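This report is written for a reader meeting the structure for the first time. It goes through strand pairing, salt bridges, surface and confidence in turn.

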Amino acid sequence: MAAEATPRINARYLESFTNSIVRILGRVTSLRGDSATIDANGSIQVHLNRDAHLTLNNAVEIIGKVQPDLSVKVFQAMDFGQNIDFNAVEAVVDATHRYKEIFYNTD
């Protein structure tokens, strides 16, 4: 059985991936209990699980499901620290969607 694709997206693509599992790399801009806001070429509200340990202003990669309200329910979160080239991140997101047949099904 093949693993489910988790396309890399940013805030611009949220609406296109409602009810889908995705990967998002962004900077943590606020933390409030079991939720946080990340900046991934726009603001995204994320609902954390108990295993997520985020640090304000650090980069984080989220694997989660886009909810109908365009927030993301986190399944897994990994702290990437502060040394991230977000221009490179955006280039990868753009390539993912320019050549989507390589990275995910559109069916």
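## Strand pairing around S4

Strand S4 pairs with strand S6 (residues 72–81) in the parallel sense, over two bridges, where strands and helices are DSSP runs numbered from the N terminus, with at least two residues (E) for a strand and at least four (H or I) for a helix, and where pairing requires that DSSP finds at least two bridges between two strands. In this pairing, histidine 47 stands opposite lysine 73 of S6. S4 is also joined to strand S3 (residues 35–39), in this case antiparallel and through five bridges, with threonine 37 standing opposite glutamine 45 of S4. Three residues lie between S3 and S4 in the hairpin that they form, and in its turn asparagine 41 has a positive phi of about 55°.

The model is predicted, so local features need pLDDT of at least 70 and side-chain atom pairs count only at pLDDT 80 or more, whereas totals for chains, interfaces and linings use all residues. Residues are numbered from 1 along each chain as its sequence is written, and side-chain values use heavy atoms, with hydrogens and water left out.

## Covered and buried positions

Strand S4, which spans residues 43–47, has a covered face made of Ile44 and Val46, while Ser43, Gln45 and His47 make the uncovered one. Threonine 37, found in strand S3, counts as buried because its relative accessibility is 9%; here buried means under 20% relative accessible area, exposed means over 50%, and partly exposed lies in between (1.4 Å probe, protein chains only). Leaving aside neighbours within four places in sequence, the contacts of threonine 37 (heavy atoms within 4.5 Å) include Arg27, Val28, Ser43, Ile44 and Gln45.

Valine 72, in strand S6, is buried, with a relative accessible area of 0%. Among the residues that valine 72 touches, not counting those up to four places away in sequence, are Leu14, Ile24, Ile44, Val46 and Ile62.

## Salt bridges

The structure holds three salt bridges, each being a side-chain nitrogen of Lys or Arg within 4 Å of a carboxyl oxygen of Asp or Glu. In one of them, glutamate 61 meets arginine 8 at 2.6 Å, N to O, and this pair links distant parts of the chain, with glutamate 61 in strand S5 (residues 59–66) and arginine 8 in strand S1 (residues 8–9), 53 residues apart. Glutamate 61 counts as buried at 10% relative accessibility, whereas arginine 8 is partly exposed at 28% and arginine 23 is partly exposed at 25%.

Arginine 12 forms a salt bridge with aspartate 94, their closest N and O atoms being 2.8 Å apart. This pair, too, links distant parts of the chain, since arginine 12 lies in the loop between S1 and strand S2 (21–32) and aspartate 94 lies in helix H1, 82 residues apart.

## Confidence

The mean pLDDT of the protein is 92, and 95% of its residues reach 70 or more, pLDDT being the predictor's confidence in each residue, from 0 to 100. Confidence is highest in S4, at a mean of 98, and lowest in H2, at 77. Where pLDDT is low, the predicted coordinates should not be read in detail.
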